[in-house]
Amino acid sequence: MKKAASFIGGICLVLCFNSLQVLADDPPRLSSDCRENMKIRDVEYNKALMNDIIAGLDLDIDDQNYIEVTDKGLDAANIIYGGKEFDEYYQSLHKQFIVASRGKPTLFVKPSEAYLLYKQPDNTNVAVHLKLSDLKWEVIEKKKKQGNAIKYQLLTCEKDYMKEKKKYYNMD
């Protein structure tokens, strides 16, 4: 009899908690339009960073002579061309992306030559000049110069989402 009472009591608890969970509000979510606008904003922000770096360091980098590659693009190329675990060409480029930066570090490549550009958190513009040797990409020069602060603007939908999220999780 005690087992049956315990079993029935357990079922009642589960049903009570389940019904409370159903009545609870869903957590706030970003709309798909907001996420799309965030992606567009991030691309524009990164372009502004790269333009500041190229102009500030007086680099001769343009769209006709260089191919722009992000860290994800580099990873995708490595997978497409075999995905070797110990690929010196890939590893020598990939390790250059491991930096603290504003926006995304971006690689500008042309045959046998590349520049990795990024802006440090203190707004210092950095250009790492790389040359292709027999087995890997080697750093031949690193330029640094104080750059302009490029403001990262939160979208209204992001601000609203953060307010709603704060309200939702601070409910007691």
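The structure is a predicted model in which local features need pLDDT of at least 70 and side-chain atom pairs count only at pLDDT 80 or more, whereas totals for chains, interfaces and linings use all residues. Residues are numbered from 1 along each chain as its sequence is written, and side-chain values use heavy atoms, with hydrogens and water left out.

The chain contains five helices and five strands; helices (H or I, at least four residues) and strands (E, at least two) are DSSP runs, numbered from the N terminus. Along the sequence these elements follow the pattern α-α-β-α-α-β-β-β-β-α. The chain has 172 residues, of which 28% count as buried. Here buried means under 20% relative accessible area, exposed means over 50%, and partly exposed lies in between (1.4 Å probe, protein chains only). The accessible surface of the chain comes to about 12500 Å², and 56% of this area belongs to carbon and sulfur atoms; the areas come from the Shrake-Rupley method with a 1.4 Å probe, and for residues only the protein chains shown count as cover. Of the contacts (heavy atoms within 4.5 Å) between residues at least 6 apart in sequence, 54% join residues at least 24 apart.

Two strands pair if DSSP finds at least two bridges between them. Strand 2 and strand 3 run antiparallel and are joined by six bridges; one of the bridge pairs is Lys-110 with Glu-113 in strand 3. Strand 3 is joined in turn to strand 4 by seven bridges, again in an antiparallel arrangement, and here Ala-114 stands opposite Leu-130 in strand 4. Nine bridges then join strand 4 to strand 5 (residues 137-146), and these strands also run antiparallel. A hairpin of four residues connects strand 4 to strand 5.

Strand 3 is mostly covered, with seven of its seven residues buried. Glu-113, Tyr-115, Leu-117 and Lys-119 point one way from the strand, while Ala-114, Leu-116 and Tyr-118 point the other way.

Thr-124 lies in strand 4 and stands opposite Gln-146 in strand 5. Thr-124 counts as buried because its relative accessibility is 11%. Its side chain makes a polar contact of 2.8 Å with the side chain of Asp-122 and another, of 3.4 Å, with the side chain of Gln-146. A polar contact is a pair of N or O atoms within 3.5 Å; within protein, one must be able to donate a hydrogen and the other to accept it, and residues adjacent in sequence count only if both atoms are side-chain atoms. Beyond its neighbours within four places in sequence, Thr-124 is in contact with residues including Tyr-118, Lys-119 and Lys-144.

Helix 2 (residues 32-56) has 25 residues and spans 36 Å from its first C-alpha to its last, close to the 36 Å expected at 1.5 Å a residue; the expected span is 1.5 Å times one less than the number of residues. Its buried residues include Cys-34, Met-38, Tyr-45, Leu-49 and Ile-53. The cover over the buried residues of this helix includes strand 2 (102-110), strand 3 (113-119), strand 4 (124-132) and helix 5 (156-169).

Asp-52 is a further residue of helix 2, and it counts as buried because its relative accessibility is 10%. The side chain of Asp-52 makes a polar contact of 2.9 Å with that of Asn-148. Leaving aside neighbours within four places in sequence, Asp-52 is in contact with Lys-119, Asn-125, Gly-147, Asn-148 and Ile-150.

Most residues other than glycine have a negative phi. Just after helix 2, however, Asp-58 takes a positive phi of about 50°. Asp-58 is placed in the loop between helix 2 and strand 1 (67-69) and counts as exposed because its relative accessibility is 69%. Ser-112 takes a positive phi near 65° in the hairpin of strand 2 and strand 3, which has two residues between the strands; at 40% relative accessibility, Ser-112 counts as partly exposed. In the hairpin of strand 3 and strand 4, which has four residues between the strands, Asn-123 takes a positive phi near 70°.
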